[in-house]
Amino acid sequence: MAQPEQNGDYLGGAPLAEILPVRVATGVVLLFTSAFASGLDYLIAPNGNSADRVDVLSMSMGGVASKAWADVVNRAYDAGIVMVTAAGNNLPLTPQSIVYPARFRRVIAACGVMANGKPYIRDNVPFGKMAGNYGPNSKMDTAIAAYTPNTSWAGD
């Protein structure tokens, strides 16, 4: 759990949030469906106890959907879990669509936007630098974007 600073001020949007980490892959691209489905099932009822279910899922990965993913996303939504996952559409250079699970209507797709209001995609940042995500307008009904530049990024 995040701790307040010495002066009593808090940092972040939810400084007292408890974090329950669940690792479902070693990379950000999910090619197999069972690990995500199992991980989300666990978050619906940690250790078999639905009273301990999480309130919010934040996931910076995505991939190809399956019936198992659709089923577990529906169960999590019905349980009241807010799911926010990476749009994951920064490849190719001009994004074509949002990846799953962000593409499900019951999941919020997390995207980025530049300080100048342009999509945070490779065309708008220097070559070789980290690029965020943006989907076509037809995919933006269930997306949310935040200003992502002007913050610290990990580098070489």
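## Close-up views of a predicted model

View 1. K67 and D71 sit four residues apart, about one turn of the helix, and both belong to helix α2 (residues 67-78). In this predicted model, the two form a salt bridge whose closest N and O atoms are 2.9 Å apart. K67 is exposed, with a relative accessible area of 60%, while D71 is partly exposed at 31%.

**View 2. R106 pairs with D78.** Here the salt bridge has its closest N and O atoms 3.4 Å apart. R106 comes from the loop between β4 and β5 (108-113) and D78 from helix α2, so this pair ties together parts that are 28 residues apart in sequence. R106 counts as partly exposed, at 34% relative accessibility; D78 is exposed, with a relative accessible area of 60%.

**View 3. R53 meets D55.** A salt bridge joins R53 and D55, and 3.1 Å separates the closest N and O atoms. R53 has 27% relative accessibility and counts as partly exposed, whereas D55, at 52%, counts as exposed. This pair is one of four salt bridges that the structure holds. As a friendly reminder, side chains of opposite charge can pair when their charged atoms come close.

**View 4. T85 is buried in strand β4.** Now for a residue of another kind: T85 lies in strand β4, which covers residues 82-86. Its relative accessibility is 1%, so T85 counts as buried. Leaving aside residues up to four places away in sequence, T85 touches L57, M59, M61, P101, A102, V107, I108, A109 and A110.

Definitions and conventions. Residues numbered from 1 in each chain as written. Predicted model: local features only at pLDDT ≥ 70, side-chain atom pairs only at ≥ 80, totals over all residues. Heavy atoms only, no water. Helix = DSSP H or I, 4+ residues; strand = E, 2+ residues; numbered from the N terminus. Buried < 20%, exposed > 50% of the residue type's maximum accessible area, 1.4 Å probe, protein only. Contact = heavy atoms within 4.5 Å. Salt bridge = Lys/Arg side-chain N within 4 Å of Asp/Glu carboxyl O.
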